[in-house]
Each structure stands twice: as structure tokens, then as C-alpha cells.
Amino acid sequence: MASRVALVSFLLLLAAAPAMSTNYEGEALQALRARLSDPSNALQSWNPSLVNPCTWFHVTCDVRNRVIRLDLGNSNISGPLAPELGRLQDLQYLELYGNNFEGKIPEELGNLKSLISMDLYGNRLEGEIPKSFAKLKSLRFLRLNNNKLSGSIPRELVTLSNLKVFDVSNNDLCGTIPIDGPFATFPIQSFGNNSRLNGPELQGPVPYDFGC
Amino acid sequence: MENIQNNSMRLALSVLSTLLVTACGDASTNSEALLQIKSEFIDLEGVLSNWSLGGGDICSWNGVACLASRSHVLGLNLSGHGLSGSISSKMGSLVSLQTLDLSSNSLTGAIPPELGLLKNLRELFLYSNSLSGPIPPELGLLKKLKILRIGNNGLSGEIPPHLGSCTELEILGLASCQLNGTIPKEMGNLKHLKSLNLQNNRLGGLIPPELGGCGELQVLSAAANRLEGGIPSTVGGLNALQILNLMNNQLSGSIPIELGNLSSLTYLNLLGNRLSGAIPPELNQLRQLQILDLSDNDLSGAIDLSTRHLNSLEYLVLSKNSLHGGIDENLCPESASLRNLFLAENNLTGTMEGLLNCASLRSLDLSNNSLSGSIPSDIDRLANLVDLVLHNNSLVGVLPPQVGNMSDLEMLSVFHNGLTGEIPAEIGRLQRLTLLYLYENQMAGTIPRELTNCSRLEEIDFFGNHFTGPIPETMGRLENLVVLQLRQNELSGPIPPSLGYCRRLQALALADNQLSGALPRTLGFLAELRLVTLYNNSLEGPLPESVFRLKNLAIINFSHNRFAGSISPLLGSRALAKMDLTNNSFSGAIPPVLGEARNLTRLRLGRNLLSGTVPAEVGRLEGLGFLDLSSNNLTGGIPLELSECRQLTHLLLGGNRLTGTIPRWFGSLRSLGELDLSSNDFRGDVPAELGNCSGLLKISLHDNRLSGIIPPEMGRLTSLNVLALQRNHLSGPIPSAIQHCDKLYELRLSDNFLSGWIPPELGQLTELQVVLDLSRNHLSGGIPPSLGHLIKLERLDVSFNRLQGPIPPSLERLTSLHQLNLSNNLLQGPIPAALSNFPSSSFLGGNQLCGAPLASCTPLSGSDAKRLSNAQVAGITAAIAFVSAAVCLVLLYIIIRMWSDWREVSVSNSDGEEQEANQENKWRGDGSQKVGRRYWRVHSMCVAAASPDDKRSSTSEACILRQIMQVDKLVGASQVL
């Protein structure tokens, strides 16, 4: 009986999974492009009629034609980040630094389960660092510095055991800095110039956090 | 207000002056006036030829109607007479005129203000000309005017409020001009107005509530303007109104409940506005309403309309709103007159069961909602349905077999739902079916052969399901088929040869299946075929020659199959725009005829077995953007003609056997973004002209025989992401100008003959991430401390060079680094602490480095001992010690043997023994004399250095330590031993 329930729920899960359409990853990238302003025509080669986005410039695929890199650093792009980016299940490198990306970081980016590096530094992103980033178990490099991010550093990120580099300097974060997990090794400069950030959290019998 | 007063003043003045003029001209006859009018027309068809003084009584002139007394001209009707030219101001002198009809000509110029003098005028028709300029306010003087139709002209300016003085007006037509401004509130004075048509102008502002004064209004259309604000509730007071059309404006606010009072209304169209709020239930009172279109607004709430009340309703269009809730039975409680129901693009939920009473329905569009549940098995109660459109919902369950009973069905679109199960065989009964969209569902099973009974089918799209088994071999019975899209299923077996009978087929998409076998010869009959995509199947064999006959082929994608033989059958079409044959086994040459496909923008022939040269004819493809010939067996050079392909963005020729030099004209390919010439046999230098291709993102020239320097012009490629020049014969320094390529994330220069220092400017490439590989060159000098700025770098390899000096402490800042190779250089000094986590292999070989992971830099006993004390190298030390000990023992043994031999010789001098000793020496490859001391000197410094007294204990530490210094030499020696 239990196994039947399990089977049914598995089938349900399958059904709920988005259908892989004609150009599923390409469509996700097009969703990004649709909301962007691209005065330097960096995205000109993004032809939606192609079978996959693998020959688009600034997109790199693996041998299975799955997108593994998106390189749009310093490309004079402005606009919001599309939640659809979270669909790029094999993406390893999300390099969007040095543009004018604005608005919030979509929590859907937490679905990028293969992500190794997320470089969103040097943009105009605001709002909080999504708690969903705690799901990025492969993540080694997270650079969010030089934005307008606010709120506290999600405690959930201490579970990212592979995280090697974490830089949130030059934002508007508040609260205290976690000290567990990989946070034990990050230099204090990684948190610099966040005027409302209080320093490392103090741990005791009662969790101590001023909040924001 | 002041404006209007001013205008009235001016109007009064101008009227006075005109009156004067007419008074003076009163003596002149109507005939003179008519001749003047004629003179300003251009009458190409000669319809006014009898308008002449000798032409008799003016009342007999064409188009002129007189009073019985023949004293006055009553009417002038020149409609549709092909007249051009302008309307004379003399028209104003025909004061007795009651009807003036100049409609449907090609008249230009302005409407003369003098028409305002025609105070007996009852009907004025100037519509459908090319008149321009404003509507003269003087028309407001025409107090008897009942009909004013001047639309479909180029009239501009505002609607003069003075028209509100024409209180007898019944019909006012100002549509399809370029009128701007607002609708004057004075329109509300037109108490007898029955029809007001202002549509298709540029009118803005609010709809004046005063319009409610037009109590006899039957038709009100102000569609396709720029009207704003709400719909005034006074419109609800227009009791006689039958047609209300306000579509395509910018009206906002809610729909006034008063519209429910319009008991005569048959047509209500508010589509394409910004109306919000709920649909007022009061609309249910509109018993006469036949057409209701509220689509493309921001309406929300539930649909609270019912055909129980709206019993005349035939069209109900509520698509493109934000309507919520379910479709309950109340909408269509019993068989009603409703024939067309469009509720697409809302947020409707629940099932579609509630609609099954709408037996008169012919078109039902519920697409793009959030409907759930299944398609009811008694869907066939909608027996008259022609179009059933349910796509983009969350419907589950099967496509019920009862669909087969809906014999009028022409369009069945259920794509992008969660439907499961098989296609019912009963579908074959739908003799009128033209379009069947099942794509993006979870349907499975085989495609029933009965489907091919639907002989009117034009479009089949089953993309993205789980259909298995073969494509029905009777497919050819669908003679009207235009589109066959079966992509991304699990279909197997061959492509049925009968497809050749589908003569109208334009798109054949069978990609992403498990199809096998050869391409049937009959495909050559599909003369209208434009698109064939067969990629990702297991199709094989040579292509049939007949395919060459397909002259309309524009898009071909056969990639990832097992096709073999020549590609020439695919080159019969000059319409070819995109061709992708990647990853097959095509062989033979690339046919020069390819150059005839002048529309070709994308050509991918990579990963095949093509041989011969790159044909010069490719250069005729001026629109070519993507050329991929990589991983074939191509030989020869890059033809000069290719320089004509100025649109090239991708040029991928890697993995062939191409020879010659990299042409300088590459510098003229200004659109180039990716250049891959890797793994060929190119010689000569890297042309400096490449620096002109400023859009280059990726350059792969690795694995060739390129020589010369890396041109400093590379520094002009400021967009460059990847530069791969490894495994060539490049020499000279690394140009410091490369610092300007500040978007580089991958830089590979390894396995060349590069010399000189590593330019400190490399430290400015702060986006370097994947790798910086300078290994296996002749680089000298120190590691520049600036490399410490490469904080994103994950791999750094400078091994096998001649780098000297210390490891700069700044490298400790490379926090992203997870592979480091500094080995086999001449580096010295301590390893920075933060690098101690890298394995010792990152540092060994030639270097004289110390500290973790190598031996500690702290001295132990002697200077040599420094590097030995660390436990981490104890294993290696032990191994080396063991080898050394063994060597030394062997040598000791030899010494002892020789010494004893020598002693023996000196005692007995046996020839045989001496010979043996010589042989032993020869075997050691050395030819040294049997004299012990000299032998040692040649073979081992360590033993030689040891005092003769220590010979017996040659495993001494000092000996081993020296040997560590020369690990390679010793290991080599021991192998020889």
C-alpha cells in the first residue's frame, strides 16, 4: 500500500514537472532577454527559432546541449533578472556581473542545483538575498558585492558546505554575520561596507541576533 | 469657453462678409455658380459634360435636381462620379439647395465654409473623399440639416462645438478621419440624433455625459479613438440605443450598471479598453443583446451572466481579462441561442462540465485559463461544435472517445494540458477535422491508424507526448496535410513511404524520436516541403536522389542520425536557408553547388566524414552567418573566396586536416564572434589583423603548428572571453597588451616556446576564471605579484617554465583557486601559508621551495636537512631512502667485490676473472676501469663524497640527502642499474 502511494506521488511529481518544450532552456533565456534593455546588442545572436541556445553568444553548453555557462559580465545590460533562469538545471556559471541588473534576485535562482559560481556583483540589485540559495549545494563562489541588497544574511547559507568565496561587501545588509559552516573561513572584507551589518553573531544558550 | 466665444465672433464676422458677397452676386444666375463649381472639379470621366451654357436648362444638367417650378436648384447629387479637384466656395450661393451629395469621389482640399450659407440644406454627403483641413464651424448654421455624413476623409482638427446647433440632425457621420480634440458636450443638444459615428479618429478626453441628452440615439460608435475616463452612466439613459461600440479606446473604471437599462441594445462592444471591476450582473437585463464583447480589458470577478436572461445572445466574448472563478451551469442553464463563447486568457478555474447544456455552441474557446478536471465524456452533447479550443489549461484524464461523435468538429486544440491515455480510434470519424493539436501533454500509446481517415486534416501536432510505435503507414491518405509535427515522442520504425502522397506537406518534423531505416524515396514527391527536421533519431543510409527535386526546402535539420553517403541530394533547393547535418556519417566532398543556395545563413556539417577541400563556392553565400565544418577530414587551405562571407559570426573549422596559413583577411570579418581553427595543420603566424575583429568572443587556434609571436593587436579584442593558443610553436613574449582583453575568463598559452617574463599586466585580467595556463613554455623571471589580483581564478598553471624567485605572497589572495601548478620551475623560498593546502605536486620539480606541503623551512641540523623534517614528505623520503640504500648497497657490494677482485687479481691475476669484471662494467654502460676510486667518481657524487672510511655504511643520511636533490637523476640511474 505504502509503495503504491509512493508510486502515485512519484507519478504526480512527474506530471508536475514542466514539460520540456521545443527549446526549454532557450525559452528561459528568452524570458530573461524579453525584459532587458540591451543597447550594446550583446543578445543579438539569441535567435529563438534555433533548436537550442547552444550557438548563441555568451551561452555555453555541455556535450548534451544543456546550458552550463551564461557569460554576460560587463555587457551594458539593464533590467530585472528573470525567475525563468531558475530552470537552467545544468547551469554551473552564472556570470552577470558589472551590468545594471535591477530589482530583486528571484528566489527561483535557488533551483540552479548544478551552480558552481554565481557572480551578480556590480549591479543594482535590491531586496534580500534569497533564502532559497541554501539549496545551491554545489555552489563554491557567491559574489553579490556592490549592489543595493538589504535585509540580513540568511542563516540557511551556513549549510552550503562547498562555499569557498562569499562576498557581499558594499551593500546595505543588516543584522549579524553567521559564523558557522563555511562562514568560519570568510574574511571580514567580504562583509565590508554594509553600514548596518553588526559583525559576527554571538552564540550562546539563546540565539543572539539583533535582526534588522 | 473664451475660445468658443472668440470663435463665434469670428464665425459671425465671416458669415456676414460672405453674405455680403452673395448679396452682390445675387443677380448672377445659378448657372454661373454651377459653371464655377464645375470649373473647380476635375472631371476625368466627363460626367459634367452637359454642364454648359449651351447645354439647356440647368435642371437638365447631370446630377442637378430642381423644384418643379425650375426656379431653384434643390439637389445636387454627384456621388461616385469619379470627380477630383476641390469643392468650390461658389457652392454657397446655391441657397435653395436641400441635398448635396458629393460622396465617394476623389475630391481634395477643404470643405468650403460657405456651405454654411446653404440654410435650406437638409442632407450633406461628402463622405469617402480625400478632403482635408478642419470641419468648418459654419456648418453649425445649417439649422435644417438632418444628415451630415463627411467621414472617411482626411479631415483634421477638432469637432466644432457649433454642430450642436444643428438641432435637427438625425445622422452624424464623422468616422475614419484624423479628428482630434474631444467630443464636444454640445453634441448632447442633438435631441433627434439617431446615429452618431465618430469611430476611427484620434479623439481623446472623456466621453461627455451630456451625450445622455441624445434621447433618440440608436447607434453610438466612438470605437478606435483615444477616449479616456469612465463610460458615463448617462449612456444608460439612451433608451433607444441598439448599438454601442466603444472598442479600442483607453476607457477605464467599471462598466456602469446603468447599461443594463438599454433594453433595445443588440450589440455591445467594449473590447480593448482598460475597464476594471466586475461585469455588472445588470447586463443580464439586456434581453435583445445578440453580441457582447468585453474582451481585452482588466475585468475581474466571476462571470455572472446567464443565457437564461440573455436569451438572444449569440456571441459572448470575455477573453483576455482577469476573470476568476468557475464556469457554472448558470451561464448556460439550458439550450440557448449562444453559438460562440470565448473565455480565453482569464484565470478561470474548475471544470468545464457547466457548459454542456450549451448545445447550440459552435465555437468554444477556453484556452489559457487554469481549468482542471477532465474533458467530460459527454462532451458530445455539444453536438454542433466546430471549434473546441482548450489549450493551456490543467486538464487531465483522457481524450474521451465520444469526441468522435462531434461530427462538425474542425478544430481540436488541447495542447499544453496534462492529458494522458491514448488517442481514441473514434477520432477517425471526424470527417471535417482540419486541425488537431495535442502537443505538450502526457499522452501515450500508438497513433491509431484510424486517424488517417480524417481526410481533411491539414495540421497535426503531437509534439512532446509519449507516443510509441510506428508512424501509421497509411499516413499518405491525409492528402491535405500541411503540417506534420511529431517531434519529441518515442516513435520507432521507419518513416512510412506513403507520406509521399501528402503532396501539400510543407513541414515535416519528426525529430527527437527513435525512428530508424532509410529516408523513403517517395519524399521526393513532396514538392511544397519547406521544413524537414529529423534530428536525434537513428535514421541511416544514403539519402535518396529524389530529394534533390524538392525545390522549396528552406530548413533542414538531420543532425544526430546515421545518414551516410553524399549530401548532394539535399542541395537541390535554392531556397535553402538553414541546414544542419551535424553528427552523421556523410562522406565525400562538399558539393560546390552549395554556392547556389544564396539564402543560406546557417550551414552545419560538423562531425561527419566529409573529405576534400572547403569549396570556394561557399564564398558566394553572402548571407552566411554560421559555418561549421569542424571534425571532418577536410584538407587544403581556407579559400580566399570565403572572405566574401562578411556576415560570418561563427567560423568553425577545427578538427580537420587543413593546411596553409591563417589568412590575413579574417580581419575583415567584422561580425565574427567565434573562430575555431583548432586541431588542424595550420602554419605561419597568428595574423595581427585578427585584432580588427572586435566582436570576437572565442578564439581557438590550439593544436596547430603556428609560429611567430602572439601579436600585441590581440589586445584590441576587448570582448574576448576565451583565447586558446596552446600546443603550437609560438615564441617571443606574452604581449602585455593582452591586459586590455579584460573580459577573458579562459586563457591558454601552454605548450609553446614563449619566452621572457610573465607580464605583470596579466594581473588586470580580473575576470579570468576557468584557467590561466602558461605551462610548458620558456618563461623566465619571477611570478608577478600582480597575479594575486586574479581573485576569480580557479586554475593556475605555470609549470615547466624557468620561473625564478619566490612565490609572491600575494597569491594567497587567490581564494577561488582549486588547482595550482608551479612545479618544474626554478622557484625558491617559502610557500605562502595559504597555498599549503595544495598537494606537494603543485610545487615539486626543480624548485627549491620549502614549507607546507613540502619540508619545513626551519633548519634542523645542517642546511641540507631543512627540507627533510616535515612529516608530510616522510613517505617520499622513505621511498627515496630505500632506493638510495639499495643503490648504495649494490654499489658497496660492487666495491667490495672489485676490491676483493682487485686483491685477488693482485694475488692471482686470473684472466678469466678480469674478463668477468670487464663485462660487468660494460653492462653498467660505463667502460670505466677496474680501478675502484675512479669508478665511484664517475657514478655517484654522493658516494664519492663519502670518505673511504664510510664505504661500508653508505646508507648514511648525508648520502641520501644529496640524492633527494637529484631525484630524477638518481631514479634514472637506478633504472639503468
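This is a predicted model: local features need pLDDT of at least 70, side-chain atom pairs count only at pLDDT 80 or more; totals for chains, interfaces and linings use all residues.
Which residues of chain A does UniProt list for "domain: Leucine-rich repeat-containing N-terminal plant-type"? The record, an unreviewed entry, gives residues 23–62 of chain A.

The C-alpha atoms at the ends of residues 23–62 of chain A are 15 Å apart.

Helix H2 of chain A covers residues 24–34. The buried ones are A:Tyr24, A:Glu25, A:Gly26, A:Ala28, A:Leu29, A:Gln30, A:Ala31 and A:Leu32. Among the elements covering them are strands E1, E2, E3 and E5 of chain A.

Strand E1 brings me to the sheet in chain A. Six strands form an open sheet there, in the order E1-E2-E4-E6-E8-E10, and the pairing is mixed. At its edges are E1, residues 59–61, and E10, residues 165–167, each of which pairs on one side only. From one strand to the next, the twist averages 10 degrees. Strand E8 of chain A, residues 141–143, runs parallel to E10(A), and three bridges join them. In that pair, A:Leu142 has A:Phe166 as its bridge partner.

Now chain B. Its open sheet has nine strands, ordered E29-E31-E33-E35-E37-E39-E41-E43-E45, with parallel pairing. Why is one side of E29 and of E45 left without a neighbour in the sheet? Strand E29 (444–446) and strand E45 (633–634) of chain B stand at the edges with a single partner strand each, so one side of each has no neighbour in the sheet. Within this sheet, strand E35 (residues 514–517) and strand E37 (residues 538–542) of chain B pair in the parallel sense over two bridges. There, B:Ser516 is opposite B:Ser538 of E37(B).

Last, the interface. On the chain A side 27 residues are in contact with 28 residues of chain B. The two chains bury about 2,200 Å² between them, and carbon and sulfur atoms give 48% of that area. Which three residues supply more than any other three of the area that chain A buries against chain B? They are A:Val51, A:Thr55 and A:Phe57, with 23%.

How many salt bridges does the rule find across the interface of chain A and chain B? It finds two. There is also a salt bridge between the side chains of B:Lys792 and A:Asp119, at 3.2 Å from N to O.

Notes:
Residues are numbered from 1 along each chain as its sequence is written. Chains are lettered from A and ligands numbered from 1 in the order in which they are written. Side-chain values use heavy atoms; hydrogens and water are left out. UniProt positions are given in the numbering used here, feature names are shortened, and annotations may be inferred rather than shown by experiment. Helices (H or I, at least four residues) and strands (E, at least two) are DSSP runs, numbered from the N terminus. Two strands pair if DSSP finds at least two bridges between them. Axes are lines fitted to C-alpha atoms, for helices over the stretch in contact, and angles run from 0 to 180 degrees between N-to-C directions. Buried means under 20% relative accessible area, exposed over 50%, partly exposed in between (1.4 Å probe, protein chains only). Contact means heavy atoms within 4.5 Å. Buried area is the accessible area (1.4 Å probe) that two parts lose on being put together, summed over both. A salt bridge is a side-chain nitrogen of Lys or Arg within 4 Å of a carboxyl oxygen of Asp or Glu.
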